[in-house]
Amino acid sequence: MCSNFAEMTPSFLDTPIDYLKGIGPQRAEVLQKELFVFTYKDLITHYPFRYVDRTHFHSVREVVEDSAYYQLRGHIIEIDFVGDKRTKRLVAKFRDNSGIIELVWFQGAKWMAEKLKSNTEYIVYGKATSFMGRFNMAHPEIDIVTPELLANQSSFQSVYNSTEKLKYRNLDSDGIRKCLRVLTLQLNEQNIQESLTKTIIQDFNLLSKLEALKQIHFPDSKVLLERAKFRLKFEELFFVQLRLLRSNLIRHQITQGFVFNKVGDAFNDFYNHHLPFQLTNAQKRVVKEIRVDMGSGKQMSRLVQGDVGSGKTLVALLSMLLAIDNGFQACLMAPTEILAKQHFATISELLEPMNLKVALLTGSSKTKARRELHAGLESGEIHILIGTHALIEDVVVFKNLGLVVIDEQHRFGVAQRGKMHKKNIQPPHVLIMTATPIPRTLAMTLYGDLDTSVIDELPPGRKPITTMHFMESQRLRLIGFMKEQIALGRQVYVVYPLIQESEKMDYQNLERGYDALLHDFQPPQYQISIVHGKLTAQQKEFEMQRFIKHETQIMVATTVIEVGVNIPNASVMVIESAERFGLSQLHQLRGRVGRGADKSYCVLMTSYKLGADSKLRMETMVRTNDGFEISEVDLKLRGPGDLDGTQQSGVMDLKIADLAQDGQILSLARSSAQAILNEDPNLSSQENQLLIHQLQYQGKTRSSWSKIG
Ligand code: ADP
Ligand code: MG
């Protein structure tokens, strides 16, 4: 690789931030601490979060919307200190020819009072707040009107995120914009290198990098602003995709995989004689995709997406049987002990008529059992190992592990997954299954280097679950409904949220709820199980078993049952304080019912006062059972940063692109990256050296989060 770019001198953008005129050591320090701005590059990529039109003025009379921003022009006619010592504030009456509005300062009131003049025209910009039917503006920006000020007002003035500590150093949005003005004036063709090739720039009619960086902070027009956004988002997503697709390509090119080219007795015997039902077409298709992968001689890294109840377990089992047919062992890793045990029970039962050994390993496996298990794994006597992350521990050594299945994967960290790769002389095949669908854009970014299969069909005969949203006042109705269903022979889950920070309060809620249920559902007619995190594994198991055996009709639980539990006779899911759960969690929980032949129900209990987001979540749940649709709403509501599994993933490194909004740009960026790799897989052409260099440069500044193992 001879690249003239690789020898480039440190870039202008790598200059430490305190070199910028106007930023001394104190401001540099607070920029570093508050915004992680260390270099020019960090500052230039502190992109505006919105733009305001500073050429337009409202009249005071037009201030009608709470929390909206307004720009006014007028005079201060009176100032006054009001309130007692604690609530003391400066109130200035501001008038234009349509009316009067109060401007309020809580901090720096004394200084402000000295600064404000009468007989002077001001421009005021700020957020209107309605208080007792009247509007005021707290801490507005305020400037004396001058010809220069008017001339410099822009239709697209950038607004930046700031913090209290930054504001204290005069780095509010305005202060930050001033720093960016100083910086962008220094940018030129020499110190800002283009990072995309001429071909890409032409193909997508992109602004140059230099132009885009200037326009994003100080747009000359709406068109240029939009083009700058497009260019910067495209670039950001393009390199993420190029990196992912390239690592996929490299895996296909060089990582040897165990060849599973036989379909033998284990698979055939099970498939032909012991399969409890016909596979759905989607299951068949996915099993075939997996078979092709594992026979290819390359290591498989495949993601299987499927909605709750789409039958992922069976797909996993068939894949594991293929491993066994080819002389390998397989393991299945689940995120909780309950789920591991349940997989163990299901799979043991399915394989019962066959001569295969399945073992279970969890955190609570006893030392003696473990010793036997370790021996069985090392001798190859155990064919399938099922367990929790206890499987990862170094002491767990296989004779010949060929396939790792990771179920409900969002609970596992990247590092944990990586460790599984080291369990054989070359990496075993890896099959990852999601708990619920994840949005397309997120899948492309989080798992963009994996091959993907989608089970987009539910087994036949599933009746859609009816979801209802009840408020506290309808609790009597809920109890009546539960009794009706229990009388029909059904079982009911009642789930309480458990969020760590408020754990104590949550347990109180759980216990109070449990007591209330005991009151409404008295023995001997009714029996209630309870499962939560404070019980020992043994106690949990005991309570689960009572419910499974139908000795109890109601299971009160925290979210420990969220993932994977399969009890077909349970047909009612009551979710308490449903507003405190995220959408994917609600969908997961609802997926615990609707597994048998009976009509199933999900009841979302909430308080009266719901925010707009919570309302939308409840409405979405009531409206649809489609996990793919729900995941898209979830992404729009929460943004990628809050979705499960994204925290350590690097999705958070995105500075300008937004996976909830920029799906189209993402698709363009991905297909562009794919087209380039199709033509030049090693990026060896002269032109593509630029891309290699960019990948290397970015690689230095970010951890390789996308690599699984
Ligand atoms: P998930 O995809 O949520 O992990 P499971 O694998 O637990 O779903 O399957 C849900 C239920 O559907 C199980 O009871 C399973 O036995 C059943 N099931 C799976 N595949 C089929 C099929 N092809 N036909 C009928 N039932 C099926
Ligand atoms: Mg499952």
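Visitor: What should I know about the model before reading it?

Guide: It is predicted, so local features need pLDDT of at least 70 and side-chain atom pairs count only at pLDDT 80 or more, whereas totals for chains, interfaces and linings use all residues. Residues are numbered from 1 along each chain as its sequence is written, and side-chain values use heavy atoms, with hydrogens and water left out.

Visitor: How many helices and strands does the protein have?

Guide: Helices (H or I, at least four residues) and strands (E, at least two) are DSSP runs, numbered from the N terminus; here there are 24 helices and 21 strands.

Visitor: What share of the residues is buried?

Guide: Buried means under 20% relative accessible area, with a 1.4 Å probe and protein chains only, and 53% of the 709 residues in the protein are buried.

Visitor: How should I read a nonpolar core, and which residues have the most contacts inside the largest one?

Guide: In soluble globular proteins, nonpolar side chains tend to be buried together. A core is a set of buried Ala, Val, Leu, Ile, Met, Phe, Trp, Tyr and Cys residues joined through side-chain atoms within 4.5 Å. The largest has 52 residues, and Phe238, Leu242 and Leu385 have the most contacts inside it. Helix α9, residues 222-254, gives the most to this core, with eight residues. Apart from this core lies another, of 40 residues, including Phe270 and Leu431.

Visitor: Which residues does phenylalanine 238 touch?

Guide: With contact taken as heavy atoms within 4.5 Å, and not counting residues up to four places away in sequence, Phe238 touches Leu196, Ile200, Ala669, Ser672, Ala673, Ile676 and Leu691.

Methods. Chains lettered and ligands numbered in written order. Buried < 20%, exposed > 50% of the residue type's maximum accessible area, 1.4 Å probe, protein only.
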